Amino acid sequence: MSEHSKIEAIKNKNLLSYFIPKGIKASYCIIAVLSSSMLAFGLYNVHSISGVTEGGVLGLTLFLEYWFKISPATSGFILNTICYILGWKLLGKKFIFYSFIASAGFSISYRVFEMFDPLFPQLAKMPFVAAIIGALFVGISAGLCVKIGGAPGGDDALAMSISKVINIDIQWAYMLCDIVVLGLSLSYIPLNKIIYSLITVTISGQIVGIIQKINFKQ
């Protein structure tokens, strides 16, 4: 190999390492895609038709839309960006890489699911069942993604950052964010609907916490 070729190879390697941090695992990338697809499936087939709202960033975008007429497309982008930047500063390049993979997997999967009718339309009249099923989808999918060090959404990035900064288990970080947002949501959502939302965010947050404590290598 010529000296020029060696220099070019080094440049290409350095450029690749800039975009793909050292230590990235292909298996983790696969988990990020599969878990985010599972999350998209649950949100489309359960949450979107049940009327059970979420806490975190999603719930805050709905709050801002109702009171300040700010589109979720705008507020969601801004809030998620802030959460990811915070996560990048605290959790590093691997976090951003896996989160990008998960976010892309979520967006593509959700777009595919939108091409079909929801599989469980009867859940629209069964909010309690929807809250439980929705919590399982969100908890397991987000839990697996967080386990590998990524975040499928800004909510997860924020919870991971809070958990690291104040040194608490991640399920309590989720709970803190969700309670604040659901409390604000009481200003325009009836209490009976908020109760179902509280059920789903409580269960999903606890599932995420349980998954973080599982040693999959063992």
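This is a working chat about a predicted model of one protein.

User: Before we start, what should I keep in mind about the model and its numbering?
Analyst: It's a predicted model, where local features need pLDDT of at least 70, side-chain atom pairs count only at pLDDT 80 or more, and totals for chains, interfaces and linings use all residues. Residues are numbered from 1 along each chain as its sequence is written, and side-chain values use heavy atoms, with hydrogens and water left out.

User: OK, how many helices and strands are there?
Analyst: Nine helices and zero strands. Those are DSSP runs numbered from the N terminus, with helices being H or I of at least four residues and strands being E of at least two. From the N terminus the order reads α-α-α-α-α-α-α-α-α.

User: What share of the residues is buried?
Analyst: Buried residues are 40% of the 218 in the protein. Buried is under 20% relative accessible area, exposed is over 50%, and partly exposed is in between (1.4 Å probe, protein chains only).

User: And among contacts between residues at least 6 apart, how many join residues at least 24 apart?
Analyst: That's 79% of them, a contact being heavy atoms within 4.5 Å.

User: Let's do helix 2 and helix 5. At what angle do they cross?
Analyst: Roughly 40 degrees, and the axes of helix 2 and helix 5 (residues 93-113) come within 7 Å. Axes are lines fitted to C-alpha atoms, for helices over the stretch in contact, and angles run from 0 to 180 degrees between N-to-C directions. Helix 2 and helix 5 are therefore oblique to each other: under 35 degrees is roughly parallel, over 145 roughly antiparallel, 65 to 115 roughly perpendicular, and the rest oblique.

User: Left-handed or right-handed crossing for that pair?
Analyst: Helix 2 and helix 5 cross right-handed.

User: Which residues make the contact?
Analyst: Helix 2 contributes residues including Cys 29, Ser 36 and Ala 40, while helix 5 brings Gly 105, Phe 106 and Phe 113 among others. By class, the contact of helix 2 with helix 5 has 16 nonpolar, five polar and no charged residues. Here Ala, Val, Leu, Ile, Met, Phe, Trp, Tyr, Cys and Pro count as nonpolar, Asp, Glu, Lys and Arg as charged, and the others, Gly among them, as polar.

User: Zoom in on Ala 40: what does it touch?
Analyst: Leaving out residues up to four places away in sequence, Ala 40 touches Phe 106, Ser 109, Tyr 110 and Phe 113. Ala 40 and Phe 113 are 73 residues apart along the chain, with their C-alpha atoms separated by 7.9 Å.

User: Why does Ala 40 count as buried?
Analyst: Because its relative accessibility is 0%.

User: Where is Ser 99, and what are its contacts?
Analyst: Ser 99 sits in helix 5. Apart from neighbours within four places in sequence, Ser 99 contacts Tyr 84, Gly 150 and Ala 151. At 2% relative accessibility, Ser 99 is buried.

User: Last one: how do helix 7 and helix 8 pack?
Analyst: Helix 7 (residues 154-166) and helix 8 (residues 170-185) pack at about 120 degrees, axes 8 Å apart. Their contact includes Asp 155 and Leu 158 of helix 7 and Tyr 174 and Cys 177 of helix 8.

Methods: A crossing is left-handed if the near helix is turned anticlockwise from the far one by less than a right angle, and right-handed if clockwise.
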